[in-house]
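Welcome! Here are some exercises to work through with the model open beside you. Take each task first, then follow the solution step by step.

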Amino acid sequence: MPKLRLLSNNIWWCDTNHDTWAARGEDCSSDARAPGFVRVYRELMPDVIGLQESSAKMSDALMQQMEGYALLWGRDTPILYRTDKFELIDSAYRIYPAEIPGREGSFNNARTKSYCIAVLRCKEDGKLLCFATTHLWYKTEEAYPHSDEARAYQLGLVMDQVDIFRKKYACPAVIVGDFNACPDSPAVQSAYARGYVHAHDTAVEYADETNGHHFCFAAGYDMYENPRTFAESIDQMILIDAPADAVRRFERYTPAYYMPLSDHFPMWADVVI
């Protein structure tokens, strides 16, 4: 398979402008922000994009401007892929259950936490790739008991479905997304226990050490006062059944114009699998 550029991006579910933004003469609606995301994707030219927090309005706005890409609908977690590079072979989508076995509580706010999976065939050489994007439960363990378990449980569900596709198609797999969990969390560690590796840890040319997150919400946007590191990152990219040197570069894309688009900078990797 030729070198691929895979990208993950939480694009902030916000369809309408907020008064605080309007008072400054700015606009954080999906219509206003969509061209910024399109600019990012045109500059990086990813082959596959896994989104999180993409509203139907935002997905529609992106697709009106993203010539050459197809959208695999996944509600808040859709996948975009280049039609000149891939054809879609199989897919799966699931909204995570609000409950986790044996624990009290609800762990899916407004049914926004989900996964979307695409099995893609490379048109150049016929090889297959299983690509999944997901958004896991967001609250901290301290604020809401069993949240760590909920994230591990949800990630387990997407890994279970990926396993089905791996067995059916004998292909490598990549899971990207907003895990709301750092690399040493129970969720990510549970993936390592099942044989996954992190793109950051296996990149042979370059690995970005930042956490890829900044302040961008209804109140406004800015960088955090104290820079954070990869160890504190919550957007993750994990692989399985890929060669040891599959990941060439692992990076965050942080142009100044991106600041008012989303609190998550795009995460991308160049891979050969």
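## Exercise 1: A residue and its core

**Task.** Find the residues that methionine 237 is in contact with, leaving aside its neighbours within four places in sequence.

**Solution.** Step 1: take contact to mean heavy atoms within 4.5 Å. Methionine 237 is then in contact with Leu6, Val174, Ile175, Val176, Val197, His198, Ala199, Phe250, Met267, Trp268 and Ala269, once neighbours within four places in sequence are left aside.

Before going on, note that this is a predicted model, where local features need pLDDT of at least 70, side-chain atom pairs count only at pLDDT 80 or more, and totals for chains, interfaces and linings use all residues. Residues are numbered from 1 along each chain as its sequence is written, and side-chain values use heavy atoms, with hydrogens and water left out.

Step 1: A nonpolar core is a set of buried Ala, Val, Leu, Ile, Met, Phe, Trp, Tyr and Cys residues joined through side-chain atoms within 4.5 Å. Buried means under 20% relative accessible area, exposed means over 50%, and partly exposed lies in between (1.4 Å probe, protein chains only). The largest nonpolar core has 30 residues, and Met237 is among those with the most contacts inside it, together with Leu6, Val48 and Val174. Strand β6 (residues 114-122) gives the most to this core, with four residues. A second, separate core has 27 residues, including Cys130, Leu157, Phe165 and Tyr169.

## Exercise 2: The whole protein

**Task.** How many helices and strands does the protein have, and what radius of gyration?

**Solution.** Step 1: count DSSP runs, numbered from the N terminus: helices (H or I) need at least four residues and strands (E) at least two. The protein comes to six helices and 15 strands.

Step 1: compare its radius of gyration, taken over C-alpha atoms, with the globule rule, 2.2 Å times the number of residues to the power 0.38. The radius is 18 Å, close to the 19 Å that the rule gives for 273 residues, so the protein is as compact as a globular protein of that length.

Step 2: The C-alpha trace spans about 55 × 45 × 35 Å along its principal axes, and buried residues make up 54% of the 273 residues.

Step 3: look at sequence separation. Of the contacts with a separation of 6 or more, 70% are between residues 24 or more positions apart.

## Exercise 3: Tyrosine 224

**Task.** Is tyrosine 224 buried, partly exposed or exposed, and which residues does it touch?

**Solution.** Step 1: locate tyrosine 224 in the loop between β12 (220-222) and β13 (235-240). Its relative accessible area is 25%, so tyrosine 224 is partly exposed.

Step 1: list the partners. Not counting residues up to four places away in sequence, tyrosine 224 touches His213, His214, Phe215 and Phe217. Histidine 213 is 11 residues from tyrosine 224 in sequence, and their C-alpha atoms are 8.4 Å apart.

## Exercise 4: Arginines in loops

**Task.** Where do arginine 103 and arginine 111 lie?

**Solution.** Step 1: arginine 111 is in the loop between β5 (86-95) and β6. Arginine 111 has a positive phi of about 55° although it is not a glycine, and at 51% relative accessibility it counts as exposed.

Step 1: arginine 103 also lies in the loop between β5 and β6. Arginine 103 is partly exposed at 38%, and, leaving aside neighbours within four places in sequence, it is in contact with His146 and Glu149.
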